[in-house]
Amino acid sequence: SPEEPVKENVFVETKAEEEAEAIPFFSSNTGVVVIKGGQVVNCDEMTVADILVEDGKITAVGEDLEIPEGATVINAVDKFVFPGGIDTNTHLYQGVDKTVPVKDDFESGTRAALAGGTTMVVDLVIPEKGGSLVDAFTAWKEAGEEKSCCDFALTVAVPHVTDGSKEEMEKLAKEHGVNSFKMFMAYKDMMMLDDSDLMEAFKHVKDLGCIAKVHAENGDIISENQKRLLANGVTGPEGHLLAQPEEVEEMAVRKACTLARQANVPLYICNPTSMEAAEV
């Protein structure tokens with residue numbers, strides 16, 4: 001009955017006796033493969049087509065492609081053929097709060113990604129406030145090169161805006177191929193930028209020809225709500241939602257869009273959580 005407490009089963013972790021290993025179907029020594037007659041799904045359209053893969057690379061997509069001698073043919077009629085997915089927002093080395101270890105690292109996280117059809121991840125580099133952006137990028141890159149099972153790229157967070165950090169952003173963009181930087185409007189006293197610094201960062205990202213990413217919330221309001229909730233004895237997971245109501249996220253997204261429009265910089269809002277924010 002509704003009056004009775006809900007009983008939950010105790011979670012028990014189980015592991016397979018023999019650990020499964022994800023093996024890429026295509027590689028540089030796969031040879032020639034033709035995927036025949038599938039419904040090829042792209043960002044702009046879906047068409048029935050053949051796909052020619054040579055030495056691990058797609059070299060042709062079209063109708064009734066000629067099948068090279070010795071090619072492996074895969075019948076994909078009445079099946080969807082998807083490109084590999086790209087997860088643009090992962091945390092596989094460290095999180096914002098570096099005292100809490102991440103649950104998946106570059107190895108376990110990317111193995112899981114490949115098993116689900118994601119063939120590339122974009123991990124977030126999180127420098128210490130006042131620390132070097134380039135040094136943090138180097139540490140993340142080395143960790144990814146050591147453990148990642150799939151392609152990876154890196155976005156770099158900007159926890160402070162100074163002449164030094166702007167010089168490092170330029171170096172990362174011009175010498176290391178970084179094409180996006182992330183700014184935080186939350187995590188007060190840790191990563192949060194005020195409006196002035198956010199606008200300065202946006203203008204610099206624009207000058208570098210990069211994309212600005214934003215974690216759009218209001219760190220000041222969240223901080224006050226957290227203090228009030230804790231004072232009232234609210235310490236459970238319900239406090240997370242109560243401290244971060246939808247209208248606060250909507251307000252932050254609207255502000256981020258306004259500032260980005262004034263700076264004329266391309267803006268990517270990271271993981272909005274409410275319908276109101278998504279509709280801004």
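Good morning. I shall begin with Tyr187, which is placed in the loop between strand S9 (180-184) and helix H4 (195-208). Helices and strands here are DSSP runs, numbered from the N terminus, with at least four residues (H or I) for a helix and at least two (E) for a strand. Tyr187 is not a glycine, and yet its phi is positive, at about 60°. Its relative accessible area is 36%, so Tyr187 counts as partly exposed. In these terms, buried means under 20% relative accessible area, exposed means over 50%, and partly exposed lies in between, with a 1.4 Å probe and protein chains only.

A word on the source. This is a predicted model, in which local features need pLDDT of at least 70 and side-chain atom pairs count only at pLDDT 80 or more, while totals for chains, interfaces and linings use all residues. Residues are numbered from 1 along each chain as its sequence is written, and side-chain values use heavy atoms, with hydrogens and water left out.

Asp64 also has a positive phi, near 50°, in a residue other than glycine. Asp64 sits in the loop between S3 and S4 and, at 65% relative accessibility, is exposed.

The loop between strand S3 (57-62) and strand S4 (72-75) also holds Ala71. With a relative accessible area of 18%, Ala71 is buried.

Let us turn to Asp50, in strand S2 (residues 46-54). Is this residue buried or exposed? Asp50 is buried, because its relative accessibility is 3%. A polar atom of its side chain lies 2.8 Å from the backbone nitrogen of Gly37, and the Asp50 side chain also reaches the backbone nitrogen of Leu65, at 3.0 Å. A polar contact is a pair of N or O atoms within 3.5 Å; within protein, one must be able to donate a hydrogen and the other to accept it, and residues adjacent in sequence count only if both atoms are side-chain atoms.

Finally, the surface. Which residues gather in a patch of negative charge? They are Glu246, Glu247, Glu276 and Glu279. Glu246 belongs to helix H7 (residues 246-263) and is partly exposed, at 37% relative accessible area.

Technical notes
Patches are made of residues with over 30% relative accessible area and no salt bridge: like charges are joined within 9 Å, nonpolar side chains (Val, Leu, Ile, Met, Phe, Trp, Tyr) within 5 Å. Accessible areas come from the Shrake-Rupley method with a 1.4 Å probe; for residues, only the protein chains shown count as cover. A salt bridge is a side-chain nitrogen of Lys or Arg within 4 Å of a carboxyl oxygen of Asp or Glu. Lys and Arg count as positive and Asp and Glu as negative; His and the chain ends are not counted. The place of a charge is taken as NZ of Lys, CZ of Arg, CG of Asp or CD of Glu.
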